[in-house]
Amino acid sequence: MSNSIQLLDRTCRLKQMRKQGQIPAVVYSSRMKSEHVAVEEKVIRAALKSNAHAIMEVVLPSKKKHPVMIHQVQKDCLSGQLIHIDFLQINMKEKLDTAVAVHFSGEPIGTKEGGMLQIEMHEVLIRCMPNKLPSSLDVDISKLSIGDKLHVSDLEASKDVEILTDPEAILVTILAAQKLDETLEPAALEPQADSDAAEAESAR
């Protein structure tokens with residue numbers, strides 16, 4: 001579990017909170033009353049950059065500590081500014097369903113041959129005990145040639161981790177580079193244009 005994040009009392013209006021570098025947040029679960037709090041923006045941005053799906057410990061203004069996950073992040077669609085953070089309290093004795101990032105390593109053979117790498121999925125859904133949660137699932141794509149695909153079923157996870165995403169879902173594929181058909185030249189359309197003009201003139 002990562003370092004503790006200190007949460008703050010939400011004591012002022014939203015505009016004043018933002019001036020102080022704070023973001024409104026809530027900590028909730030089915031077992032406790034929701035706690036409306038605030039968190040320092042620089043702290044939560046660092047946590048999101050490190051691992052947005054990680055389990056972390058938050059310290060409430062009352063000094064109570066809870067293991068949580070970041071459940072939802074609300075951002076301004078234009079500026080990207082953080083608007084609100086939802087923390088979900090985790091029961092460390094029960095399995096949880098969560099998303100985990102897929103990390104692709106290596107340069108595919110296909111891209112060296114002129115193909116294009118297309119990533120279809122950046123994360124998959126897994127189920128495991130909280131203390132077994134991986135930071136990512138790593139997969140080597142260096143052997144992929146043009147036309148090759150990698151499916152969810154190709155991922156390797158420890159025996160403690162169950163992958164819930166459809167095993168037939170495509171993670172990544174190597175596409176052949178598309179070329180313009182040189183037989184279709186703009187000049188080939190000109191006689192048709194002249195013919196249309198002639199027909200219009202004769203119809204007058």
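## Second largest pocket

Strand β8 contributes the most to the lining of the second largest pocket, with four residues. The structure described here is a predicted model. The volume of this pocket is about 270 Å³, and 17 residues line the pocket. Of these, M69, L88, I90, L96 and D97 lie nearest its centre. Two or more lining residues come from each of β6, β7 (82-89) and β8 (96-105).

Sorted by class, the lining of the second largest pocket consists of six nonpolar, seven polar and four charged residues.

## Helix α2

Helix α2 spans residues 41-51, and I44, A47 and N51 are buried in this helix. These three residues lie on the same side of α2, because they cover an arc of only 65° around the axis. On the other side of the helix, K42 and K49 are exposed.

Several strands take part in covering the buried residues of α2. Among them are β1 (5-6) and β4 (32-40), together with β5, β6 and β7.

## H66 in strand β6

Strand β6, which is included in the cover over the buried residues of α2, holds H66. Is H66 buried or exposed? With a relative accessible area of 14%, H66 falls under the 20% cut-off and is therefore buried.

The side chain of H66 makes a polar contact with the side chain of Q89, at 3.1 Å. Leaving aside residues up to four places away in sequence, H66 touches M32, M56, E57, V58, L60 and Q89. Of these, M32 belongs to β4 (32-40), while M56, E57 and V58 fall within β5 (55-59). Q89 falls within β7 (82-89), one of the elements that give two or more residues to the pocket lining.

## K63 in the β5-β6 loop

Where does K63 lie? The residue is in the loop between β5 (55-59) and β6 (65-75).

Most residues other than glycine have a negative phi.

Definitions and conventions. Residues numbered from 1 in each chain as written. Predicted model: local features only at pLDDT ≥ 70, side-chain atom pairs only at ≥ 80, totals over all residues. Heavy atoms only, no water. 1 Å grid on protein atoms, 1.4 Å probe; cavity = no way out; pocket = protein on both sides within 12 Å on 5 of 7 lines; lining within 4 Å. Points joined across faces, edges and corners; volume = space filled by probe spheres on them. Nonpolar A, V, L, I, M, F, W, Y, C, P; charged D, E, K, R; others polar. Buried < 20%, exposed > 50% of the residue type's maximum accessible area, 1.4 Å probe, protein only. Polar contact = N/O pair within 3.5 Å; in protein donor to acceptor, adjacent residues only side chain to side chain. Contact = heavy atoms within 4.5 Å. Arc of directions from axis to C-beta.
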